[in-house]
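Here is a short report on one protein model. Keep the structure open as you read.

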Amino acid sequence: MEGIYSWVKNLICCLCLLELLSHLVRNGEYQKYLRFFGGLILLLVIFSPAASLFSIGSSFEEALREAFAREEVLDLQMTQQALAGLKNQQIFQAYREEIKRQVETIAEAHNQNPLSVQIEMEEKDEMPAAILSVKVTVAAQSGGLNVFEETKKNETQERALQAIAAEIASAYGVDQRQVSVSVKE
């Protein structure tokens, strides 16, 4: 008997709430949505005693809980994949910076002042990524007293540039045509 009273009480409260909302929402656009969702809620209230008789309510709650759990697992997996991608991207960037530092060291070992180093690498998830091209710009050497000394410095610098290109190509397994070492005047 107590169950019937609580059911009737829930039904009356639901009807009163829907009536109140319908008076608050006078706009015709929203009225049809209110009637639709209100009708769904009213059906749930009306059939709730039947659901408890057949234990549908508990199985519905379990199914809902499982659906939420699956959704959380999918969210966690997507987050994990995003973090793994970010980690790979950071490793890739650090790898590129280390190669840039090594190329600068090679140029400095040949008594050249590197101004800029550009490294083009293949974008892929596995490491190490293949180096496609290397472009190094070094400062021009100047300060010769006469034309003869200036020519000699230019020849020395040109040999150093060729040696830098050969060493970079050899060290990183890149074709020497893909290595460009130039002088900025």
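The sections below cover the model, its sheet, its cores, a first helix and its cysteines.

## The model

This is a predicted model, in which local features need pLDDT of at least 70, side-chain atom pairs count only at pLDDT 80 or more, and totals for chains, interfaces and linings use all residues. Residues are numbered from 1 along each chain as its sequence is written, and side-chain values use heavy atoms, with hydrogens and water left out.

## The sheet

Helices (H or I, at least four residues) and strands (E, at least two) are DSSP runs, numbered from the N terminus. Two strands pair if DSSP finds at least two bridges between them. In general, strands of a sheet pair through backbone hydrogen bonds, either parallel or antiparallel.

Here, three strands make an open sheet with mixed pairing, in the order β1-β2-β3. β1 and β3 are at the edges with a single partner strand each, so one side of each has no neighbour in the sheet. On average, neighbouring strands are turned by 10° against each other, direction ignored. That angle rests on axes, which are lines fitted to C-alpha atoms; angles run from 0 to 180 degrees between N-to-C directions.

β1 and β2 run antiparallel, joined by seven bridges. V117 stands opposite V136 in β2. E120 has S133 in β2 as its bridge partner.

## Inside β2

How many of the nine residues of β2 are buried? Seven are, so the strand is mostly covered; buried means under 20% relative accessible area, exposed over 50%, and partly exposed in between (1.4 Å probe, protein chains only). S133 counts as buried because its relative accessibility is 14%. Contact means heavy atoms within 4.5 Å. Beyond its neighbours within four places in sequence, S133 is in contact with Q118, I119, E120 and Q178.

## Two cores

A nonpolar core is a set of buried Ala, Val, Leu, Ile, Met, Phe, Trp, Tyr and Cys residues joined through side-chain atoms within 4.5 Å. The largest one has 21 residues, and V103, M121, I131, V136, I168, V179 and V181 touch the most other members. Two or more residues each come from α3 (56-109), β1 (114-121), β2 (131-139), α4 (147-172) and β3 (179-184).

Take V103. Leaving aside neighbours within four places in sequence, V103 is in contact with V117, V134, V136, I168 and Y172. A second, separate core has five residues, including C14, L18, L42 and V45.

## Helix α1 and the cysteines

Helix α1 covers residues 2-24. Its 23 residues should span 33 Å, and the end C-alpha atoms are 33 Å apart, which agrees. The expected span is 1.5 Å times one less than the number of residues. The buried residues of α1 are L11, C14, L18 and S22.

A disulfide is a pair of cysteine sulfur atoms within 2.5 Å. How many disulfides does this rule give? The count is zero. C14 is in no disulfide either: its nearest cysteine sulfur, that of C13, is 8.7 Å away. C13 is partly exposed at 48% relative accessibility, whereas C14 is buried at 9%.
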